[in-house]
Amino acid sequence: MPVVFRSKLFHQKILDPNSNFEPALLPLEVRWDTLTGHMAIIQEFRFRGQLPKPDYSTLIEKTRPVCPFCPRSGGDVSPRFPPEFIAEGKLTCQGIDVIPNFNPYATYSAIAILSRTHFLELKELSREVVVGGLLACQEYLKRVAAFDRRAKYMSINWNYLPPAGGSVIHPHLQPLASYVSPTYEKEALAALKRYFRRNRSPYWADLITAERDRGERFIGQTGDVAWLVNYAGRGREPDIIAVFPERRSVLDMPQSGWDAFYEGLRNTFRYLADMNYVSFNLALYSAPPGEDQFRVHARLKPRFQFPALGTADYCFIEALHDDYLCQTYPEKVCRAMKPYFGTV
Ligand SMILES: [Zn+2]
(Lines give C-alpha, C1' and ligand atoms only; values in the text may rest on other atoms or scores of the structure.)
Protein backbone atom coordinates (compact mmCIF):
# COMPACT_ATOMS: atom_id res chain seq x y z
CA MET A 1 0.00 0.00 0.00
CA PRO A 2 1.52 3.39 -0.94
CA VAL A 3 1.49 6.49 1.29
CA VAL A 4 -1.94 6.68 2.91
CA PHE A 5 -3.57 10.05 3.64
CA ARG A 6 -6.05 8.95 6.30
CA SER A 7 -8.67 11.30 7.76
CA LYS A 8 -12.15 11.41 9.27
CA LEU A 9 -14.52 14.33 9.44
CA PHE A 10 -16.58 14.92 12.62
CA HIS A 11 -19.06 17.57 13.72
CA GLN A 12 -20.37 18.96 16.96
CA LYS A 13 -24.00 20.07 16.79
CA ILE A 14 -24.95 23.35 18.49
CA LEU A 15 -27.75 25.89 18.53
CA ASP A 16 -25.99 28.97 17.16
CA PRO A 17 -26.54 32.25 19.06
CA ASN A 18 -25.38 34.14 15.93
CA SER A 19 -28.25 32.65 13.88
CA ASN A 20 -31.18 32.94 16.23
CA PHE A 21 -30.22 29.63 17.88
CA GLU A 22 -30.78 27.66 14.71
CA PRO A 23 -29.00 24.25 14.68
CA ALA A 24 -25.50 24.39 13.25
CA LEU A 25 -22.66 21.90 12.79
CA LEU A 26 -19.12 22.77 13.89
CA PRO A 27 -16.66 20.74 11.82
CA LEU A 28 -13.39 19.17 12.85
CA GLU A 29 -11.13 16.80 10.97
CA VAL A 30 -8.91 14.13 12.44
CA ARG A 31 -5.85 13.12 10.43
CA TRP A 32 -3.19 10.52 11.06
CA ASP A 33 0.46 11.15 10.22
CA THR A 34 1.40 9.38 6.98
CA LEU A 35 4.54 7.94 8.59
CA THR A 36 4.06 7.50 12.34
CA GLY A 37 0.24 7.42 12.54
CA HIS A 38 0.30 10.19 15.17
CA MET A 39 -3.10 11.91 15.45
CA ALA A 40 -3.77 15.56 14.67
CA ILE A 41 -7.10 17.30 15.22
CA ILE A 42 -7.61 20.02 12.64
CA GLN A 43 -10.05 22.61 13.80
CA GLU A 44 -9.83 26.07 12.32
CA PHE A 45 -9.83 28.57 15.16
CA ARG A 46 -12.93 30.67 14.86
CA PHE A 47 -11.90 33.74 16.82
CA ARG A 48 -8.39 34.47 15.53
CA GLY A 49 -7.40 37.08 13.00
CA GLN A 50 -3.90 38.06 11.94
CA LEU A 51 -1.54 37.89 14.90
CA PRO A 52 -0.12 41.22 16.06
CA LYS A 53 3.68 41.31 15.94
CA PRO A 54 5.02 40.85 19.49
CA ASP A 55 7.46 43.48 20.75
CA TYR A 56 10.55 41.97 22.37
CA SER A 57 12.58 45.21 22.45
CA THR A 58 12.38 45.56 26.25
CA LEU A 59 13.28 41.92 26.80
CA ILE A 60 16.21 42.19 24.38
CA GLU A 61 17.68 45.16 26.26
CA LYS A 62 17.00 43.63 29.69
CA THR A 63 18.79 40.38 28.83
CA ARG A 64 21.78 41.93 27.03
CA PRO A 65 23.90 42.66 30.17
CA VAL A 66 23.43 39.16 31.59
CA CYS A 67 23.58 37.20 28.33
CA PRO A 68 25.83 34.11 28.59
CA PHE A 69 26.54 34.17 24.83
CA CYS A 70 27.48 37.85 24.34
CA PRO A 71 31.23 38.55 24.07
CA ARG A 72 32.38 39.96 27.40
CA SER A 73 35.44 41.82 28.57
CA GLY A 74 35.61 40.16 32.00
CA GLY A 75 36.98 36.83 30.77
CA ASP A 76 35.42 33.70 29.34
CA VAL A 77 32.80 32.12 31.61
CA SER A 78 31.67 29.47 29.10
CA PRO A 79 32.05 25.79 29.92
CA ARG A 80 34.72 23.93 27.92
CA PHE A 81 34.98 20.46 26.45
CA PRO A 82 37.29 18.00 28.21
CA PRO A 83 40.69 17.65 26.46
CA GLU A 84 40.21 13.97 25.61
CA PHE A 85 37.18 14.96 23.49
CA ILE A 86 38.08 18.35 22.01
CA ALA A 87 41.64 19.35 22.86
CA GLU A 88 41.04 23.04 22.15
CA GLY A 89 38.34 23.13 24.86
CA LYS A 90 36.10 25.14 22.56
CA LEU A 91 35.36 24.40 18.93
CA THR A 92 35.47 27.32 16.50
CA CYS A 93 34.26 26.73 12.95
CA GLN A 94 33.27 29.35 10.36
CA GLY A 95 33.95 31.94 13.07
CA ILE A 96 31.20 30.36 15.21
CA ASP A 97 31.96 29.06 18.71
CA VAL A 98 30.56 25.71 19.83
CA ILE A 99 30.52 25.11 23.59
CA PRO A 100 28.97 22.47 25.88
CA ASN A 101 25.41 23.09 27.03
CA PHE A 102 25.24 23.65 30.81
CA ASN A 103 21.79 22.02 30.67
CA PRO A 104 22.46 18.92 28.56
CA TYR A 105 19.66 17.07 26.75
CA ALA A 106 21.97 14.21 25.75
CA THR A 107 25.45 12.89 26.52
CA TYR A 108 26.72 15.24 23.81
CA SER A 109 24.71 18.45 23.95
CA ALA A 110 26.24 21.66 22.66
CA ILE A 111 25.48 25.27 21.79
CA ALA A 112 26.62 26.91 18.55
CA ILE A 113 26.59 30.68 19.11
CA LEU A 114 25.52 32.09 15.76
CA SER A 115 26.68 35.70 16.06
CA ARG A 116 28.42 38.24 18.23
CA THR A 117 25.18 40.24 18.10
CA HIS A 118 22.74 39.69 20.97
CA PHE A 119 19.61 39.61 18.83
CA LEU A 120 18.93 38.89 15.18
CA GLU A 121 15.40 39.08 13.85
CA LEU A 122 14.15 36.65 11.21
CA LYS A 123 15.23 38.75 8.22
CA GLU A 124 18.72 39.12 9.72
CA LEU A 125 19.28 35.34 9.78
CA SER A 126 21.59 35.51 6.78
CA ARG A 127 23.25 32.71 4.80
CA GLU A 128 26.51 33.46 6.59
CA VAL A 129 24.86 33.08 10.00
CA VAL A 130 22.69 30.03 9.30
CA VAL A 131 24.96 28.01 6.99
CA GLY A 132 27.95 28.91 9.18
CA GLY A 133 26.02 27.63 12.21
CA LEU A 134 25.01 24.40 10.47
CA LEU A 135 28.60 23.77 9.37
CA ALA A 136 29.81 24.38 12.94
CA CYS A 137 27.21 21.91 14.27
CA GLN A 138 28.24 19.40 11.60
CA GLU A 139 31.89 19.73 12.65
CA TYR A 140 30.89 19.17 16.30
CA LEU A 141 28.90 16.06 15.38
CA LYS A 142 31.82 14.75 13.29
CA ARG A 143 34.03 15.11 16.38
CA VAL A 144 31.47 13.16 18.42
CA ALA A 145 31.27 10.42 15.74
CA ALA A 146 35.05 10.07 15.79
CA PHE A 147 35.18 10.05 19.61
CA ASP A 148 32.20 7.93 20.69
CA ARG A 149 30.40 5.69 18.20
CA ARG A 150 27.63 4.87 20.70
CA ALA A 151 26.26 8.43 20.46
CA LYS A 152 24.63 7.68 17.13
CA TYR A 153 21.30 9.55 17.42
CA MET A 154 22.18 12.98 16.06
CA SER A 155 20.18 16.10 15.39
CA ILE A 156 20.58 19.87 15.05
CA ASN A 157 17.93 21.91 16.83
CA TRP A 158 16.76 25.47 17.24
CA ASN A 159 14.50 27.14 19.80
CA TYR A 160 14.21 30.64 18.37
CA LEU A 161 12.90 33.06 21.02
CA PRO A 162 10.85 32.41 24.19
CA PRO A 163 7.53 31.23 22.65
CA ALA A 164 9.53 28.30 21.22
CA GLY A 165 11.12 27.46 24.57
CA GLY A 166 14.21 29.60 23.98
CA SER A 167 15.59 30.68 27.37
CA VAL A 168 18.36 32.84 25.84
CA ILE A 169 17.58 35.56 23.29
CA HIS A 170 21.04 35.35 21.69
CA PRO A 171 20.72 33.26 18.48
CA HIS A 172 22.08 29.74 18.87
CA LEU A 173 21.72 26.22 17.47
CA GLN A 174 21.79 23.06 19.56
CA PRO A 175 23.50 19.97 18.11
CA LEU A 176 22.76 16.77 20.03
CA ALA A 177 24.21 13.27 19.92
CA SER A 178 22.59 10.73 22.20
CA TYR A 179 22.88 7.05 23.10
CA VAL A 180 19.09 6.81 22.97
CA SER A 181 16.72 7.71 20.17
CA PRO A 182 14.30 10.62 20.52
CA THR A 183 10.73 9.26 20.48
CA TYR A 184 9.87 10.76 17.08
CA GLU A 185 12.97 9.25 15.50
CA LYS A 186 12.29 5.86 17.12
CA GLU A 187 8.73 5.86 15.75
CA ALA A 188 9.93 7.06 12.33
CA LEU A 189 12.67 4.41 12.10
CA ALA A 190 10.21 1.60 12.90
CA ALA A 191 7.57 3.00 10.52
CA LEU A 192 10.11 3.39 7.68
CA LYS A 193 11.07 -0.27 8.00
CA ARG A 194 7.40 -1.35 8.03
CA TYR A 195 6.69 0.80 4.98
CA PHE A 196 9.61 -0.66 3.03
CA ARG A 197 8.68 -4.26 3.96
CA ARG A 198 5.13 -3.64 2.75
CA ASN A 199 5.84 -1.62 -0.40
CA ARG A 200 9.43 -2.48 -1.40
CA SER A 201 9.91 1.23 -2.14
CA PRO A 202 11.32 4.08 -0.04
CA TYR A 203 8.82 6.12 1.98
CA TRP A 204 10.40 9.54 1.56
CA ALA A 205 10.65 9.28 -2.22
CA ASP A 206 7.05 8.01 -2.37
CA LEU A 207 5.84 10.84 -0.13
CA ILE A 208 7.53 13.51 -2.25
CA THR A 209 6.08 12.00 -5.44
CA ALA A 210 2.59 11.72 -3.94
CA GLU A 211 2.65 15.28 -2.57
CA ARG A 212 4.09 16.72 -5.77
CA ASP A 213 1.33 15.01 -7.78
CA ARG A 214 -1.42 16.26 -5.46
CA GLY A 215 0.09 19.75 -5.23
CA GLU A 216 -1.92 20.61 -2.12
CA ARG A 217 0.96 20.50 0.37
CA PHE A 218 4.07 20.52 -1.85
CA ILE A 219 5.52 24.00 -1.35
CA GLY A 220 8.51 23.77 -3.68
CA GLN A 221 12.07 22.65 -4.21
CA THR A 222 15.40 24.33 -3.38
CA GLY A 223 18.28 22.44 -4.96
CA ASP A 224 17.85 18.83 -3.89
CA VAL A 225 15.63 19.72 -0.92
CA ALA A 226 11.84 19.17 -1.15
CA TRP A 227 9.62 21.40 1.00
CA LEU A 228 6.21 20.18 2.19
CA VAL A 229 3.56 21.13 4.70
CA ASN A 230 2.92 18.12 6.92
CA TYR A 231 -0.43 16.42 6.22
CA ALA A 232 -1.13 15.95 9.96
CA GLY A 233 0.50 19.04 11.46
CA ARG A 234 2.17 18.95 14.84
CA GLY A 235 1.08 22.22 16.38
CA ARG A 236 -1.37 25.06 16.02
CA GLU A 237 0.23 26.07 12.74
CA PRO A 238 1.14 23.08 10.58
CA ASP A 239 4.73 22.01 10.54
CA ILE A 240 6.89 22.49 7.49
CA ILE A 241 9.06 19.58 6.38
CA ALA A 242 12.28 19.82 4.36
CA VAL A 243 13.46 16.46 2.97
CA PHE A 244 16.91 15.69 1.59
CA PRO A 245 15.93 12.58 -0.44
CA GLU A 246 19.54 11.70 -1.27
CA ARG A 247 21.06 12.15 2.20
CA ARG A 248 21.08 9.80 5.18
CA SER A 249 23.39 11.67 7.54
CA VAL A 250 24.31 15.26 8.29
CA LEU A 251 27.90 14.06 8.77
CA ASP A 252 28.49 13.89 5.01
CA MET A 253 26.24 16.79 3.97
CA PRO A 254 28.12 18.86 1.37
CA GLN A 255 28.16 22.68 1.36
CA SER A 256 25.67 22.62 -1.55
CA GLY A 257 23.16 20.77 0.67
CA TRP A 258 23.39 23.40 3.41
CA ASP A 259 23.09 26.19 0.82
CA ALA A 260 19.94 24.60 -0.65
CA PHE A 261 18.49 24.18 2.85
CA TYR A 262 19.22 27.81 3.65
CA GLU A 263 17.46 28.97 0.50
CA GLY A 264 14.24 27.28 1.66
CA LEU A 265 14.71 28.51 5.21
CA ARG A 266 15.13 32.09 3.97
CA ASN A 267 11.86 31.77 2.01
CA THR A 268 10.17 30.33 5.09
CA PHE A 269 11.52 33.10 7.35
CA ARG A 270 10.08 35.69 4.94
CA TYR A 271 6.68 33.98 5.07
CA LEU A 272 6.81 33.81 8.89
CA ALA A 273 7.79 37.49 9.17
CA ASP A 274 4.95 38.57 6.87
CA MET A 275 2.51 36.57 9.02
CA ASN A 276 3.89 38.30 12.16
CA TYR A 277 5.37 35.08 13.50
CA VAL A 278 8.62 35.83 15.28
CA SER A 279 9.42 32.47 16.87
CA PHE A 280 9.89 28.86 15.72
CA ASN A 281 11.24 25.42 16.60
CA LEU A 282 13.39 23.53 14.16
CA ALA A 283 14.84 20.02 14.30
CA LEU A 284 17.07 18.49 11.64
CA TYR A 285 17.27 14.71 11.99
CA SER A 286 20.15 12.53 10.86
CA ALA A 287 20.11 8.74 10.40
CA PRO A 288 22.08 6.48 12.72
CA PRO A 289 24.55 4.24 10.84
CA GLY A 290 22.88 1.28 9.09
CA GLU A 291 19.40 2.84 8.88
CA ASP A 292 19.01 2.68 5.10
CA GLN A 293 15.45 3.98 4.91
CA PHE A 294 16.03 7.15 6.93
CA ARG A 295 16.66 10.40 5.10
CA VAL A 296 17.87 13.68 6.55
CA HIS A 297 14.84 15.85 7.08
CA ALA A 298 13.96 18.94 9.04
CA ARG A 299 10.72 19.99 10.66
CA LEU A 300 9.99 23.60 11.44
CA LYS A 301 6.97 24.98 13.17
CA PRO A 302 6.11 28.53 14.10
CA ARG A 303 5.41 29.18 17.78
CA PHE A 304 3.39 32.03 19.22
CA GLN A 305 1.24 33.21 22.09
CA PHE A 306 -2.37 34.16 21.56
CA PRO A 307 -2.78 37.90 22.16
CA ALA A 308 -4.75 39.43 25.03
CA LEU A 309 -3.85 36.74 27.59
CA GLY A 310 -0.52 35.58 26.15
CA THR A 311 -2.05 32.10 25.97
CA ALA A 312 0.34 29.29 25.03
CA ASP A 313 -0.05 27.47 21.71
CA TYR A 314 -0.11 24.24 23.71
CA CYS A 315 -2.85 22.78 25.90
CA PHE A 316 -4.09 19.50 27.40
CA ILE A 317 -4.39 18.01 23.92
CA GLU A 318 -0.61 18.14 23.44
CA ALA A 319 0.43 18.10 27.10
CA LEU A 320 -1.60 15.13 28.32
CA HIS A 321 -3.42 13.45 25.43
CA ASP A 322 -0.24 13.14 23.32
CA ASP A 323 -2.15 14.40 20.27
CA TYR A 324 -1.83 17.60 18.28
CA LEU A 325 -4.27 20.40 17.67
CA CYS A 326 -3.84 22.15 14.36
CA GLN A 327 -5.79 25.36 13.89
CA THR A 328 -5.04 26.12 10.25
CA TYR A 329 -5.41 23.69 7.37
CA PRO A 330 -2.02 22.56 5.99
CA GLU A 331 -3.31 23.15 2.44
CA LYS A 332 -4.04 26.79 3.32
CA VAL A 333 -0.51 27.27 4.68
CA CYS A 334 0.92 25.68 1.53
CA ARG A 335 -1.04 28.05 -0.73
CA ALA A 336 0.25 31.00 1.30
CA MET A 337 3.86 29.79 1.19
CA LYS A 338 4.13 28.89 -2.49
CA PRO A 339 4.74 32.46 -3.70
CA TYR A 340 7.75 32.68 -1.37
CA PHE A 341 9.21 29.64 -3.18
CA GLY A 342 8.27 30.97 -6.63
CA THR A 343 5.92 28.03 -7.22
CA VAL A 344 2.56 29.74 -7.54
ZN1 LIG B 1 23.76 37.94 23.94
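The legends below describe close-up views of a predicted model.

Residues are numbered from 1 along each chain, as its sequence is written. Because the model is predicted, local features need pLDDT of at least 70 and side-chain atom pairs count only at pLDDT 80 or more, whereas totals for chains, interfaces and linings use all residues.

**View 1. The largest nonpolar core and the surroundings of alanine 112.** A nonpolar core is a set of buried Ala, Val, Leu, Ile, Met, Phe, Trp, Tyr and Cys residues joined through C-beta atoms within 7 Å. A residue is buried if 20 or more other C-beta atoms lie within 10 Å of its own, exposed if 12 or fewer, and partly exposed in between, with C-beta atoms placed from the backbone. The largest such core has 76 residues, and those with the most contacts inside it are Val98 and Ala112. Two residues are in contact if their C-beta atoms, placed from the backbone, lie within 7 Å. With residues up to four places away in sequence left out, alanine 112 touches Ile96, Val98, Gly133, Ala136, Cys137, His172, Leu173 and Pro175. A second, separate core has seven residues, among them Ala40, Ala232, Tyr324 and Cys326.

**View 2. Tyrosine 108 in strand β6.** Helices (H or I, at least four residues) and strands (E, at least two) are DSSP runs, numbered from the N terminus. Tyrosine 108 belongs to strand β6, residues 108-113. Tyrosine 108 is buried, because 25 other C-beta atoms lie within 10 Å. Its contacts, not counting residues up to four places away in sequence, are Val144, Ala151, Leu176 and Ala177. Between tyrosine 108 and proline 2 there are 106 residues of separation in sequence and 37 Å in space, C-alpha to C-alpha.

View 3. Helix α3 comprises residues 183-199, 17 residues in total, and reaches 24 Å from its first C-alpha to its last. This is close to the 24 Å expected at 1.5 Å a residue, where the expected span is 1.5 Å times one less than the number of residues. Glu185, Ala188, Leu192 and Tyr195 are buried in α3. Seen down the axis of α3, the buried residues fall within an arc of 85°, so they line one face of the helix; the arc is that of the directions from the helix axis to the C-beta atoms. The cover over these buried residues includes β7 (153-160), α4 (203-214) and β12 (279-286). On the face turned away from the buried side, α3 carries the exposed residues Thr183, Arg197 and Arg198.

**View 4. Helix α7 and its packing.** In helix α7 (residues 330-337), the buried residues are Pro330, Val333, Cys334 and Met337. They cover an arc of only 100° around the axis, which puts them on the same side of α7. The buried residues of α7 pack against β9 (218-222), β10 (225-229) and α5 (255-274).

**View 5. Strand β11 and its two partners.** Two strands pair if DSSP finds at least two bridges between them. Strand β11 (residues 240-243) runs antiparallel to β10, to which four bridges join it. β11 also pairs with strand β13 (residues 297-303) in the antiparallel sense, over four bridges. Alanine 242 of β11 stands opposite tryptophan 227, and in β13 the bridge partner of alanine 242 is alanine 298. Ile240 and Ala242 point one way from β11, Ile241 and Val243 point the other way, and all are buried.

**View 6. An open sheet of four strands.** The order of the strands is β1-β2-β3-β16, with mixed pairing. β1 and β16 (324-326) are the edge strands, each pairing on one side only. β2 and strand β3 (residues 39-42) run antiparallel and are joined by four bridges. Valine 30 stands opposite isoleucine 41 in β3.

**View 7. Two loop residues with positive phi.** Most residues other than glycine have a negative phi. Phenylalanine 21, although not a glycine, has a positive phi of about 60°. Phenylalanine 21 lies in the loop between β1 (6-16) and β2 (22-32), and is exposed, with 10 other C-beta atoms within 10 Å. Asparagine 276, in the loop between α5 and β12, has a positive phi near 70°. Asparagine 276 is partly exposed, with 13 other C-beta atoms within 10 Å.
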